[in-house]
Amino acid sequence: RIGKAAYKADLTNTLQLMEWLGHPEKKIKCIHVAGTNGKGSVSHMLASVLQSAGYKTGLYTSPHLLDFRERIRINGKMIPEETVVDFVHTYREVFQKIHLSFFEWTVGLCFAYFAKEEIDIAVIETGLGGRLDSTNVITPLVSVITNIGLDHTDLLGETIPLIAREKAGIVKNTIPVVIGERSHETDTVFLEKAARERSKITFAEDSFQVATSNIPKEGFCEYRISPLRSGSSFSLRSPLIGHYQIQNLTTVLETLRILADKGFSADSTAVKQGIEGVCKQTGLMGRWQTLGHSPLTIADTGHNLHGITRVVESIQSCRYDRLHVVLGFVAGKQCKEVMEAFPLHARFYLTKPSVERALPLEDLSAEARELGLDFSVYPDVLEAWSAAKKAAASEDMIFIGGSTFVVADALALTHKSSLSLQE
């Protein structure tokens, strides 16, 4: 709820938390994943493949969409409610003395749970940044940085290189690091950090080339993978549809290649099963997720200009007569730039997510008016989505996003509708 106010200037709280818990972070083997966009998809795919390979696999991600327990899973199963409740009851009094943030509490719960359950390996996604993120007390088998874009500039820096330096904070001494995207603005930052830490660095796109058809079949996209170092080409099917998933897939494959040298191997069958079953095995939601047909309705959690630009590329590859865009934001985001990234002929349905940090509609309307958009305003996601469905023809397309919390509201509505039908 409080957003950036919870961001800490150092890891003192988390280090003290780990000491109180008996250093569970030292009892687990893990992969650490950071980046502006794609880190959630990469984390889920890695966990799904490792799970398919027979490893007892922990997965820590954020934020959640419908249930807090989505953040902490073992082999895809959410942490039990009683485990969460018991943890809070046990540590509430002592933890309140050092004013732990919600995220710090959750990191402590995650590491304690994974250690107690004696998992084989965990995939740990950072929350914000890297260097000062509460997860950055682990020593992973491999560090992964998906990409760098402008987001959280008030905390991480106002330029791409500054943000890259913060994300590079997860690079540890002699621990290999995989970079998902090459960029003239960030390559030097990562190379210099890796050299200082004596860490072997690889860029995923130097190892694999991925081609895909633009037309998904039966809810899956077919990817053709060509290794650039050695090995034969092979195909993968994935439910994660969208041009931006190509980069995520190469990042996953390069990370798996390095993990094999660390004793965690996944054969071709595990890779194929893990990628194809990622949503079912790990509960991944909100990535180019289809919520309806006729009109085609897509929700995606891309919430900054870097992410939305990739989403719009996928929208433009779809066939539709008219585009209807349901958008809402939290305060402090690049709402004007994000709206401008969409095709200007689209019809916009502006709303706000059901969180305290939601951007006021009057502020959002002012930005849309300045851009000359065709828009109307609705108090919540339900009304905005209902208006879009009413206006859209069967051959049109509806997109829902702008904020993770808007997607969460849409998924909650879908979930309630599904429950009503079952009853």
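Biologist: What places Glu 197 and Lys 193 about one turn of the helix apart?

Modeller: In this predicted model, both residues lie in helix H7, which covers residues 187–197, and they are four residues apart.

Biologist: What makes Glu 197 and Lys 193 a salt bridge?

Modeller: The closest N and O atoms of Glu 197 and Lys 193 are 3.1 Å apart. The cut-off is 4 Å between a side-chain nitrogen of Lys or Arg and a carboxyl oxygen of Asp or Glu, so a pair within that limit is called a salt bridge. Glu 197 and Lys 193 are both buried.

Biologist: What parts does the pair of Lys 336 and Glu 370 tie together?

Modeller: Lys 336 lies in helix H12 (residues 335–341) and Glu 370 in helix H13 (residues 361–371), so the pair ties together parts that are 34 residues apart in sequence. The closest N and O atoms of this salt bridge are 2.5 Å apart, and the limit is 4 Å.

Biologist: Why is Lys 336 called partly exposed, and why is Glu 370 called exposed?

Modeller: Lys 336 has a relative accessible area of 25%. Glu 370 has 56% relative accessibility. Exposed means over 50%, so Glu 370 counts as exposed.

Biologist: How do you know that Asp 67 and Arg 69 meet in a salt bridge?

Modeller: Their side chains are 3.3 Å apart, N to O, and the definition asks for within 4 Å.

Biologist: Is Arg 69 buried or exposed, and what is Asp 67 called?

Modeller: Arg 69 has a relative accessible area of 16%. Buried means under 20%, so Arg 69 is buried. Asp 67 has 24% and is therefore partly exposed.

Biologist: How many salt bridges are there in the whole structure, and which residues are linked in a network?

Modeller: A search of the whole structure finds 12 salt bridges. Arg 182, Asp 187 and Asp 206 are linked in a network of them.

Biologist: Why does Val 311 count as buried?

Modeller: Val 311 has 1% relative accessibility, and buried means under 20%, so Val 311 counts as buried. Val 311 sits in helix H11, residues 305–316.

Biologist: Which residues does Val 311 touch?

Modeller: Leaving out residues up to four places away in sequence, Val 311 touches Tyr 244, Trp 288, Asp 300 and Phe 399.

Technical notes. Residues are numbered from 1 along each chain as its sequence is written. This is a predicted model: local features need pLDDT of at least 70, side-chain atom pairs count only at pLDDT 80 or more; totals for chains, interfaces and linings use all residues. Side-chain values use heavy atoms; hydrogens and water are left out. Buried means under 20% relative accessible area, exposed over 50%, partly exposed in between (1.4 Å probe, protein chains only). Helices (H or I, at least four residues) and strands (E, at least two) are DSSP runs, numbered from the N terminus. Contact means heavy atoms within 4.5 Å.
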